[in-house]
Amino acid sequence: MTDVTRLPGATHHFWEWQTGAACRDLGSARFFHPAGERGEDREERDAAAKRVCAVCPVRAQCLEHALRTREPFGVWGGLTEEERRSLRDERDLEGAGATRARRR
């Protein structure tokens, strides 16, 4: 018999928030830009995705997931990849400042 006691167990609870997502049945095209998309086309697609996110009941969980996993593409939790990168950088700076303050 295989010993499974060291396995992490069921992980469905990590993804359960997605069942209530406003984007669940909309497909990915609105949230992930095609290769080469730039300018107004990209801005319009991002804006359409953000409108969906604005009314989404799991927006906070979605954004936290994207930040935690460093999701490199698409609109997640109402933020584009560039916006998430900026937010992560801000959090990293705040965290570094807190670490330095504790050392003093």
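Which residue forms a salt bridge with Lys 50? The partner is Glu 83, and the closest N and O atoms of the two are 2.7 Å apart, where a salt bridge is a side-chain nitrogen of Lys or Arg within 4 Å of a carboxyl oxygen of Asp or Glu. Lys 50 lies in helix α2 and Glu 83 in helix α4, so the pair ties together parts that are 33 residues apart in sequence; helices here are DSSP runs (H or I, at least four residues), numbered from the N terminus.

The structure is a predicted model, in which local features need pLDDT of at least 70 and side-chain atom pairs count only at pLDDT 80 or more, while totals for chains, interfaces and linings use all residues. Residues are numbered from 1 along each chain as its sequence is written, and side-chain values use heavy atoms, with hydrogens and water left out.

By the rule given above, the count comes to seven salt bridges. Glu 81 forms one with Arg 42, with 2.7 Å between the closest N and O atoms, and this pair links distant parts of the chain, Glu 81 being in helix α4 (residues 81-103) and Arg 42 in helix α2, 39 residues apart. Both Glu 81 and Arg 42 are buried, a word that stands for under 20% relative accessible area, with exposed meaning over 50% and partly exposed in between (1.4 Å probe, protein chains only). Lys 50, by contrast, is partly exposed because its relative accessible area is 27%, and Glu 83 is partly exposed at 30%.

Glu 37 sits in the loop between α1 (12-15) and α2. Its relative accessible area is 12%, so Glu 37 counts as buried. Apart from neighbours within four places in sequence, Glu 37 is in contact (heavy atoms within 4.5 Å) with Arg 42 and Arg 45.

Turning to the nonpolar side chains, the largest nonpolar core is made up of seven residues, namely Trp 17, Ala 21, Cys 56, Val 58, Cys 62, Ala 66 and Trp 76; such a core is a set of buried Ala, Val, Leu, Ile, Met, Phe, Trp, Tyr and Cys residues joined through side-chain atoms within 4.5 Å. Apart from it lies another core, of five residues, including Phe 31, Ala 49, Cys 53 and Val 75. When its neighbours within four places in sequence are left aside, Trp 17 is in contact with Val 58, Gln 61, Cys 62, His 65 and Trp 76.

Note on methods:
Helices (H or I, at least four residues) and strands (E, at least two) are DSSP runs, numbered from the N terminus.
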